[in-house]
Amino acid sequence: LRTLAAFALCAALIAPTAGAQDSRIRWARLAVEGPLDGARLDCGAGGEMWLEGRLLPGERAVIEVPAPTAPTGMAVEPRVADPALSDRVAFDGWVEDPSAARLVAVPMGLRLRPRPALPEWRAGSVPRSLLLVLAGSFLLTLVLRARRLLALANACVWSAVAVLLLARTPLEGPAGIRVLEGEAGSSLWLAVDASREGFELGGERPWLVDAEPARARLSVRVPLIHPPGLPGAGARILLRGGTLLRIVGLDARNRDWKRANNHWGELEEVWLRSAGGDWTFHGSWPAGAPLPAPLPDSGEHRPPSWLDPALPQGRSILLGRLVPGAFGTVPASWAPLGTWVRLYGF
Amino acid sequence: VEPWSCCAAWLLSLLPLALEAAGHPLADPASHSRLALVCLPWIAFAGLPRATRKDFRASDLLGPLAFALPPVCAAFALDRAQGLALLPLALFAANAAGLLLLLALAAELAARPRAPAALYAFCWWSLLPASALLRAALVWGARTERPQPPAWLDLVASASPLTWCIRAIESLALARPAGQATLEILAVGAFVVALSLVLVNSVRAGGEVSP
């Protein structure tokens, strides 16, 4: 009986935090004092933080900043990199953020859902004109090969042409995507943003920030002056060479979504997976209208593989892409993918 | 500088970019660094044992550099545009340029009359293609993603500029672990090694090969 009681106690302790994930940021309080013209703070394995802006002599402020934490979740007190500024930028303790606790309250199936993977950089993004430039450089270097310095100068010119050409030709690849993750019967949804560049924080603090690959170091840029009443707003969390994820809660109580009526917003494309695993394409779904009948399968419209979940089997799933502007706005560089809805148990 | 050997190295270095431009599925830019891929043939090419020659000038070292510079710069810009971190890329590029010059210098010095050309050829062969090839053979033999070759071989292979470059192909690309790309990368390395083998054989046979 005592063993059973011990198991029950352990289960009760573990259950609420099962699947809980450590965020890659933790809110910290910094006491800053002028004169100060920007500063860099080291946050250990998590990354670094830059304070941007200027404080005049005698000006003082206490600011709340998102400090990068290590992939293990361990937070290191931000420490100013320049020792000469150590008396003007001081760590003043961690700020309790209830967001992590709110995430634990989300249904586990929704919380543990695989994160949307941004489509990989598409092969074919190298402009073919680059190959022509490189071929031209090779031929001319071949002609000039007897005069070494001239050949090297020629190579430098062609290198500059190649780099300039690439600078003027943006490589193809979406910068980010927003996926609204929903579960039938749950009034709380999650809005998951995945970005290759980073985010700017607004008034609402993210419930979770994560990075892929996990070992990636974050760079946080915080303005010394923030809007009144919105501590931390305007801070930018940046990551290069990876994907940054931001999760916030979404109140879906007033947006009951049924097949008879679309209460969310106009969808450009809709796919439905039956409990048996068969996909059907339904075309566009206007707001306030019932779900359109499935269109004949011509093989052209397939659900995006990077959003098509393998699991769970035996549940119906709706995948849809919202019309731009139908639910909030996303940065212009995210336009190729935009905002998607993934609803289980539809 | 023999045009045909420059042409071979240039074509090999451009192969990954051409495959990517053509949209070939083998060219997965998320799993490798184009810069390291482009540098690989030039590193193999620069130090090839050469036929004996009397008139060595320091400016001869600029020849391979002039041919390699445009593709390397283009690969660097492509990697940067995809979001790879600047510092590791710049460090790799600087190291690769230094290595290329050093290898070319060693090859030129060994090609002077009365220089220990055979000893240089043996060292070059052991340090560059042989150790890398042996390690690749063990990796393929094990048929696993992360094999465990003997520690001594790993140590020897680590000293090989080719292995250094092959490892950088994956390690510079932080977007995600390469995994599936490993075989393709090793295939490129093996191709370079095979080409080197042909050239060395030509030199030993007394041909007129002189990169």
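This is a predicted model: local features need pLDDT of at least 70, side-chain atom pairs count only at pLDDT 80 or more; totals for chains, interfaces and linings use all residues.

For chain B, the mean pLDDT is 74, with 68% of the residues reaching 70 or more. Two stretches of that chain call for caution. Over residues 207-211 of chain B, pLDDT is below 50, although the model gives this stretch 16 contacts beyond near neighbours in sequence. Residues 174-181 of chain B also stay under 50, and there the model has 15 contacts beyond four places in sequence.

Now to the architecture of chain B. The chain has 211 residues, and 50% of them count as buried. If we take the contacts in chain B between residues at least 6 apart in sequence, 80% of them join residues at least 24 apart. The accessible surface of chain B is about 9,200 Å², and carbon and sulfur atoms account for 70% of that area.

One feature of this surface deserves a name. B:Leu102, B:Leu105 and B:Leu109 make up a nonpolar patch, with about 240 Å² of accessible area together. B:Leu102 belongs to helix α4 of chain B, which spans residues 86-110. Why does B:Leu102 count as exposed? The reason is its relative accessibility of 57%, given that the cut-off for exposed is over 50%.

I turn to chain A, beginning with a sheet. Here 6 strands form an open, mixed sheet in the order β5-β2-β3-β11-β12-β9 of chain A. Its edges are β5 (79-80) and β9 (198-200) of chain A, each of which pairs on one side only. Strand β2 of chain A, residues 36-42, pairs with β5(A) in the antiparallel sense over 2 bridges. Within this pairing, A:Leu41 has A:Val80 in β5(A) as its bridge partner.

In general, most peptide bonds are trans. The bond from A:Gly34 to A:Pro35, however, is cis, with omega near 0 degrees. A:Pro35 sits in the loop between β1 and β2 of chain A.

Next, consider strand β17 of chain A, residues 339-344. How many of the residues of this strand are buried? The count is 6 of the 6, so β17 of chain A is largely enclosed by the rest of the structure. A:Thr339, A:Val341 and A:Leu343 point one way from β17(A), while A:Trp340, A:Arg342 and A:Tyr344 point the other way.

What strands pair with β17(A)? One is β7(A), which runs parallel to β17(A) and is joined to it by 6 bridges; here A:Arg178 stands opposite A:Thr339. Another is β16 of chain A, residues 317-322, which pairs with β17(A) in the antiparallel sense over 5 bridges. In that pairing, A:Arg321 has A:Trp340 as its bridge partner.

Finally, the salt bridges. Over all chains the count comes to 17. Between A:Arg60 and A:Glu33, the closest N and O atoms are 3.8 Å apart. A:Arg60 lies in strand β4 (residues 60-68) and A:Glu33 in strand β1 (residues 25-33) of chain A, so this pair ties together parts that are 27 residues apart in sequence. A:Arg60 is exposed, at 66% relative accessible area, whereas A:Glu33 is partly exposed, at 29%.

A second salt bridge joins A:Arg40 and A:Glu48 at 3.1 Å, N to O. A:Arg40 counts as partly exposed, with 32% relative accessibility.

A:Arg113 is in the loop between α3 (108-111) and α4 (128-143) of chain A, and A:Glu181 is in strand β7 (residues 176-183) of chain A, 68 residues apart. Are these two residues buried or exposed? Both A:Arg113 and A:Glu181 are buried. Through shared partners, salt bridges join A:Arg113, A:Glu181, A:Glu183, A:Arg315 and A:Arg342 into one network. A:Arg342 brings us back to β17(A), where its side chain is among those that are buried.

Notes
Residues are numbered from 1 along each chain as its sequence is written. Chains are lettered from A and ligands numbered from 1 in the order in which they are written. Side-chain values use heavy atoms; hydrogens and water are left out. Buried means under 20% relative accessible area, exposed over 50%, partly exposed in between (1.4 Å probe, protein chains only). Contact means heavy atoms within 4.5 Å. Accessible areas come from the Shrake-Rupley method with a 1.4 Å probe; for residues, only the protein chains shown count as cover. Two strands pair if DSSP finds at least two bridges between them. Helices (H or I, at least four residues) and strands (E, at least two) are DSSP runs, numbered from the N terminus. pLDDT is the predictor's confidence in each residue, from 0 to 100. Patches are made of residues with over 30% relative accessible area and no salt bridge: like charges are joined within 9 Å, nonpolar side chains (Val, Leu, Ile, Met, Phe, Trp, Tyr) within 5 Å. A salt bridge is a side-chain nitrogen of Lys or Arg within 4 Å of a carboxyl oxygen of Asp or Glu.
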